[in-house]
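Take a walk through this fold, one contact at a time.

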Amino acid sequence: MKSSRNIIIGVIVIIVIIVIGFVLRSQQSPAPVSTDGVSAPTSVAQPGTAVAVSETTKVSSSLSEYQNAELGFSVKYPSGWEKEETNAGVAFVIPIDQSQVSTVATLGANIQAFSGTCAFPPVTTIQSRDTIQVGSETFDAITMSNTVQGRDYFNHMYSLQQGDICYIFSFASITLSPVSKGLTGSNVIQAQNNNKAITTSADSDFTAVVKSFGVVTTPAGQDESTVSPGTK
């Protein structure tokens, strides 16, 4: 468990560096999600029902659903992913198939909610820009990659503006050089092929998580002007 948490911390640090452009344009703490101008919620609590700040439920043998009423969103994710809540959302450590010859060291995903306008960080390593349509919502997307001291970094990010809240979805992978693992000859080619397959599969699962995004709203309170003591 300690090693898993160390991996989580590493993933979060990487993703925080990537999304720092968002943070600079946002307030220091997440604000309650405004429901003005957003799509119909996928989960609405009934009046008088206690609403948990966050909740995880099993959808199927392979799928779980995470809901955060405070930050106003829900997503479905593979049950094998290790979930860790953060102040602004939720982070996931994605397991790596250790039976394959590969040098993939880290796979992680992160979902955060910020008050402010979405804006991707001004980096120079953007490979591509795109959009995906999910129902009536349009998500902006970018992919980025970089190699530093033999380590390959790959990131896939989506953003969605909902009223005055920006939702940021980030996928990150770190791949080590074959030399660092002592691989030689045909094992190098095998590892490179497996690295690509493992990262592509995790990225595809991550995109499915993004596409499962839904808005969660909480019940409205009563008009205090009509129920407060002393009101005539």
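The side chain of Ser128 makes a polar contact with the side chain of Thr143, at 2.7 Å. A polar contact is a pair of N or O atoms within 3.5 Å; within protein, one must be able to donate a hydrogen and the other to accept it, and residues adjacent in sequence count only if both atoms are side-chain atoms. This is a predicted model: local features need pLDDT of at least 70, side-chain atom pairs count only at pLDDT 80 or more, and totals for chains, interfaces and linings use all residues. Residues are numbered from 1 along each chain as its sequence is written, and side-chain values use heavy atoms, with hydrogens and water left out.

Ser128 sits in strand S8, residues 126-134. Strands (E, at least two residues) are DSSP runs, numbered from the N terminus. Beyond its neighbours within four places in sequence, Ser128 is in contact (heavy atoms within 4.5 Å) with Ala141, Ile142 and Thr143. Ser128 and Ala141 are 13 residues apart in sequence, yet 8.2 Å apart in space, C-alpha to C-alpha.

Compare Ser64, in strand S3, residues 63-68. Ser64 has a relative accessible area of 6%, so it is buried. The side chain of Ser64 makes a polar contact with that of Ser79, at 2.8 Å.

Notes. Helices (H or I, at least four residues) and strands (E, at least two) are DSSP runs, numbered from the N terminus. Buried means under 20% relative accessible area, exposed over 50%, partly exposed in between (1.4 Å probe, protein chains only).
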